[in-house]
Amino acid sequence: MARVAPILPSLNAGEWSPRLYGRVDLQKYPAALRRMINFIGLSQGAATRRPGTHYVANTKGNAVARLLPFEFSTVQAYMLEFTDLVMRVFKDRAIIESSPGVPLEVISPYGSALLAGLKWAQSADTMYLCSPSKRPYKLTRTGHTSWSFTAVAFQDGPYLPQNTGTTTLALSATSGSVTVTASAALFASTDVGRLIRFLDTGGAWTWLEITAYTDSTHVTATVKGNAAGAGTAVATWRLGAWSDTTGWPSCVSFFQERLFFAGTSGQPQTVWASKSGDYENFQPTTVAASPAPATLDDNAITLTISDDRVNAIRWMSAGRQLVVGTVGGEFTIAASNLNEAITPSNANVKRETTRGCADLQPVRIGQAVLFVQRAARKIYEMAYNYEVDAQVAPDMTLLADHLFRSQVAEIAYQAEPWSMLWAVRADGTLLGFVYLRDQSVTGWSRQPIGGTGAKALSIACIPGTGQDELWLVVERTVNGGTVRHVEYLAYEFYPEDEDDKDDAFFVDSGLTYDGAATTTLTGLTHLEGQTVQVLANGAAHPDCIVSGGSITLQRAVTRAHVGLGYTSTLETMDIEAGAQDGTAQGRRRRIHELGVKFWATLGARVGRDGNMDRIEFRRGSDPMDASPPLFTGEKRVPFPPGWDVECRIVVEQDQPLPCTVTALVPHMNTND
């Protein structure tokens, strides 16, 4: 009978699929977990408890909402809440008000049916938004309370290919509002707002915007340039590429001082780029008759992906190259020489990988693009691989495929403090993925939000004070009804010393009281009727029930965090150690004592699944009327008795207190 004390010094490989439970041969197996729930793997190897979420406000009208980040700078970032035809704005972890107690509301062009499909790109104080059934809009900010949506007025393009048939167009006048007459049926009622480019008899191009529809051969349009050939029918013309007839772009991005749009219903594989430095101008050539119109390097660009199948474009992401995600694969757009700027004459489209993309905005992390695969059940990482001298797209969900039985609905990246990719599944489950490629640290975890029937509906990240902020729209059942809250993840808990527990925020949809000593805490109407946890002056208080928006405590407090409780759980894989010959798998083993190395922790439980013991952190010298100090060091605890062919350790935290596990040291016997 072998007696061993192996150490598990790292717990950051994430939760693994049941299909990998026997893969003790994999290098990451000792750091992998059977369950990782509401814990986050750290680059140093430890696993730390997820902070709680702060309640900010109910969504507008308690409706389903979509969150979008608006980042003017790292110190001036906003979170936008979109509901049916209304946008609200959050800044500095609070809602912006138009007057005291009245949230600012901005009329939005986007109804609830369009919110899930929104794509966006931002430059300074202007954000361009795309939805395939609506003309692109730009959202402009001129102050904290000054926001406006404006339909983008595109200049001189983009256009469909030049007419090669016999149909002619003639204008009734050379300027202002004119009648455009076609020699054959050409127009539709959905062409209002569409552009026309017209080569007059003098050899110069002009352009018009259709303002009214008369019939299939007559429309009214406004002349935007000089139409010298009015009254003369000409066959050299081009119709606008975008309209209610042909569809509008479904995605947008900035790249090399141009604004790119892509993917209409009529041209799903086409990409359009603006003139260089003139984001709303899509002029394809010069217009003057003398010298003859020509295509210059700064003119607009139109590219169509040529492939053996229809590859509808889903998204674009700009880096050194412009990455374009389509239904059938991933492409890059760049100049033929990467040291050059892209122009109409040197733009080059190249297929890179063939994973296929879902219709979801991707995330760029450094030079890698993480995107959701076409079936929305995998997330791939597209990045350049020097060994093969090509872009590759490995599956980031391979080791945790059991977490993706439901489709992914949104992803967002939080760079600080953990380098974490967050994902929301269609069923409302929140997942976390630690992504530290340079440290070879990646791993998935489940991050269920506290509350009855809690679901994450939307997520987005913006820069905060010293770290990034993850914002969420959370739906849960409160007091018998469905409510939807806007919340943000509390900042990482990093105490200065063992007595620093003021910012230990480990409750969900929580609020903080900081003031004079009191036993009554109010302002909790958003949790009416719920059982809540309380951290009172750094000590766990017995649970309370919210009644009339308040709770009554057993002792007076000057600082308290109040919110919904949640449980954090770590469960190791079957420990591979102790066999004198061959593997320990399948042999009966028993842990008789466990060493748990903690950092800044209080209140954890350990044991085997279904048989847990709470660790005693209070020392005999600690005063009984105050919370014990945070513990850093090793706790040696007896382990629940019993022999089993599977030898696993469970660490759990269900109190509103911090828990960071740096290593596990089981003292165990193996029956050979």
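What volume does the second largest pocket have? About 630 Å³.

1. **Basis.** This is a predicted model: local features need pLDDT of at least 70, side-chain atom pairs count only at pLDDT 80 or more, and totals for chains, interfaces and linings use all residues. Residues are numbered from 1 along each chain as its sequence is written, and side-chain values use heavy atoms, with hydrogens and water left out.

2. **Overall build.** The protein has 52 strands and 0 helices. Both are DSSP runs numbered from the N terminus: helices are H or I with at least four residues, strands are E with at least two. The C-alpha trace spans about 100 × 65 × 40 Å along its principal axes. Of the 672 residues, 56% are buried. Buried means under 20% relative accessible area, exposed over 50%, and partly exposed in between (1.4 Å probe, protein chains only). Among contacts with a separation of 6 or more, 62% link residues 24 or more positions apart. A contact means heavy atoms within 4.5 Å.

3. **Largest pocket.** Its space comes to about 1000 Å³. There are 37 lining residues, and Pro69, Glu71, Trp120, Gln361 and Pro362 are the closest to the centre. A pocket here is an open set of points on a 1 Å grid over the protein atoms alone, where a 1.4 Å probe fits, with protein on both sides within 12 Å along at least five of seven lines; lining residues have an atom within 4 Å of a point. Grid points are joined across faces, edges and corners, and the volume is the space filled by probe spheres set on the points. Strands that each supply at least two lining residues include S6 (66-73), S13 (119-123), S27 (313-318) and S39 (452-463). The lining divides into 25 nonpolar, 5 polar and 7 charged residues. Ala, Val, Leu, Ile, Met, Phe, Trp, Tyr, Cys and Pro count as nonpolar; Asp, Glu, Lys and Arg as charged; the others, Gly among them, as polar.

4. **Second largest pocket.** Back to the volume of about 630 Å³. This pocket is lined by 24 residues, with Arg320, Gln321, Leu338, Tyr384 and Gln391 closest to its centre. Two or more lining residues come from each of S29 (330-335), S30 (347-353), S33 (379-385) and S34 (390-392).

5. **Nonpolar cores.** The largest nonpolar core holds 36 residues; Leu570, Ile575, Phe598, Ile649, Val661 and Leu664 touch the most other members. Such a core is a set of buried Ala, Val, Leu, Ile, Met, Phe, Trp, Tyr and Cys residues joined through side-chain atoms within 4.5 Å. S2 (33-37), S47 (589-601), S50 (631-638) and S52 (660-670) each give at least two residues to this core. S47 gives the largest share, 5 residues. A second, separate core has 22 residues, including Ala358, Ala368, Val372 and Phe433.

6. **Ile649 and Arg608.** Leaving aside neighbours within four places in sequence, Ile649 contacts Leu570, Ile575, Leu594, Phe639 and Leu664, among others. Arg608 is in strand S48 (605-608). Not counting residues up to four places away, Arg608 touches Phe639, Pro640, Pro641, Gly642 and Val650. Its C-alpha atom is 8.6 Å from that of Glu571, 37 residues apart along the chain.

7. **Backbone points to check.** Most residues other than glycine have a negative phi, and most peptide bonds are trans. Gly157 and Pro158 are joined by a cis peptide bond, with omega about 0°. Pro158 is in the loop between S16 (146-151) and S17 (169-171). Glu416 and Pro417 are also joined by a cis bond, with omega about 5°. Ser419 has a positive phi of about 55° and is in the loop between S35 and S36. Ser419 is buried, at 7% relative accessibility. Ser509 has a positive phi near 50°. Ser509 lies in strand S42 (508-521) and is buried at 0%.

8. **Ser550.** This residue is in the loop between S44 (539-545) and S45 (551-564). Ser550 counts as buried because its relative accessible area is 19%. Beyond residues up to four places away in sequence, Ser550 touches Thr520, Leu521, Thr522 and Ile545.
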